[in-house]
Amino acid sequence: MSRGGTSGKGGRNYRLNWTPTADGGATFGDWAIVSQPGWRLPWEIRWQGRPFLRRHGDYTGSARFKTVENAQRKIEKYVRSRRAA
């Protein structure tokens with residue numbers, strides 16, 4: 001059985017081909033995950049060099065994550081939803 005759209009992961013190749021960076025982050029096209037040491041959530045998502053903003057309650061700042069993997073999944077989910085629209 002193949003994965004269908006109901007699994008939430010999309011098709012067989014739902015992961016993007018990330019390129020690792022020197023600071024431990026990753027890039028994919030215009031997307032980048034950069035390290036911001038000293039923050040509780042040190043990994044920030046950037047799109048075309050600018051912070052990728054998100055809204056969560058009263059917080060409307062840049063999207064930050066504890067791990068690079070979580071940031072990658074956020075971007076992959078966002079890209080999938082934009083391609084389907």
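Biologist: What makes Phe52 count as buried or exposed?

Modeller: This is a predicted model, so every value here is computed from it. Phe52 has a relative accessible area of 15%. Buried means under 20%. Phe52 is therefore buried.

Biologist: Why is the pair of Phe52 and Tyr78 called edge-to-face?

Modeller: Look at Tyr78 first. At 30% relative accessibility, Tyr78 is partly exposed. The ring centres of Phe52 and Tyr78 lie 5.1 Å apart, and the planes stand at 70°. A pair needs centres within 6.5 Å, and edge-to-face needs planes over 60 degrees apart. Both conditions hold, so the pair is edge-to-face.

Biologist: What parts of the chain does that pair tie together?

Modeller: Phe52 lies in the loop between S5 and S6, and Tyr78 is in helix H1. The two are 26 residues apart in sequence, so the pair ties those parts together.

Biologist: How many aromatic pairs are there in the whole structure?

Modeller: A search finds 5. One of them joins Trp31 and Tyr78, with 5.7 Å between centres and 70° between planes. That pair is edge-to-face too, because 70° is over the 60 degree limit. It links distant parts of the chain: Trp31 sits in strand S3, Tyr78 in helix H1, 47 residues apart.

Biologist: Is Trp31 buried or exposed?

Modeller: Trp31 has 8% relative accessibility. The limit for buried is under 20%, so Trp31 counts as buried.

Biologist: Which residues form the aromatic cluster?

Modeller: Trp31, Trp47, Phe52 and Tyr78 form one cluster.

Biologist: Now the charges. How do you know that Glu44 and Arg46 form a salt bridge?

Modeller: Their side chains meet at 3.1 Å, N to O. The cut-off is within 4 Å, so this is a salt bridge. Glu44 is buried, with a relative accessible area of 4%. Arg46 is partly exposed, at 22%.

Biologist: What makes Arg64 and Glu44 a salt bridge?

Modeller: Their closest N and O atoms are 3.8 Å apart. That falls within 4 Å, so the pair qualifies. Arg64 lies in strand S6 and Glu44 in strand S4, so the bridge ties together parts 20 residues apart in sequence. Glu44, Arg46 and Arg64 are linked in a network of salt bridges.

Biologist: What else does Arg64 do, and is Arg64 buried or exposed?

Modeller: Arg64 lies over the face of Trp39, at 3.7 Å from the ring centre. At 8% relative accessibility, Arg64 counts as buried.

Biologist: How many salt bridges are there in the whole structure?

Modeller: The search finds 3. One of them joins Arg73 and Glu69, at 2.9 Å, N to O. Both residues are in helix H1, 4 residues apart, so about one helical turn separates them. Glu69 has a relative accessible area of 29%, so it is partly exposed.

Biologist: Why does Gln72 count as buried?

Modeller: Its relative accessibility is 10%, and buried means under 20%. Gln72 is in helix H1. Leaving aside neighbours within four places in sequence, Gln72 is in contact with Arg15, Trp18, Ala26 and Ile33.

Biologist: What makes the phi of Gln48 worth a look?

Modeller: Most residues other than glycine have a negative phi. The phi of Gln48 is near 55°, a positive value. Gln48 sits in the loop between strand S4 and strand S5. Gln48 has a relative accessible area of 42%, so it is partly exposed.

Notes:
Residues numbered from 1 in each chain as written. Predicted model: local features only at pLDDT ≥ 70, side-chain atom pairs only at ≥ 80, totals over all residues. Heavy atoms only, no water. Buried < 20%, exposed > 50% of the residue type's maximum accessible area, 1.4 Å probe, protein only. Contact = heavy atoms within 4.5 Å. Phe/Tyr/Trp six-rings, centres within 6.5 Å; stacked < 30°, edge-to-face > 60°. Lys NZ or Arg CZ within 6 Å of the ring centre and 35° of its normal.
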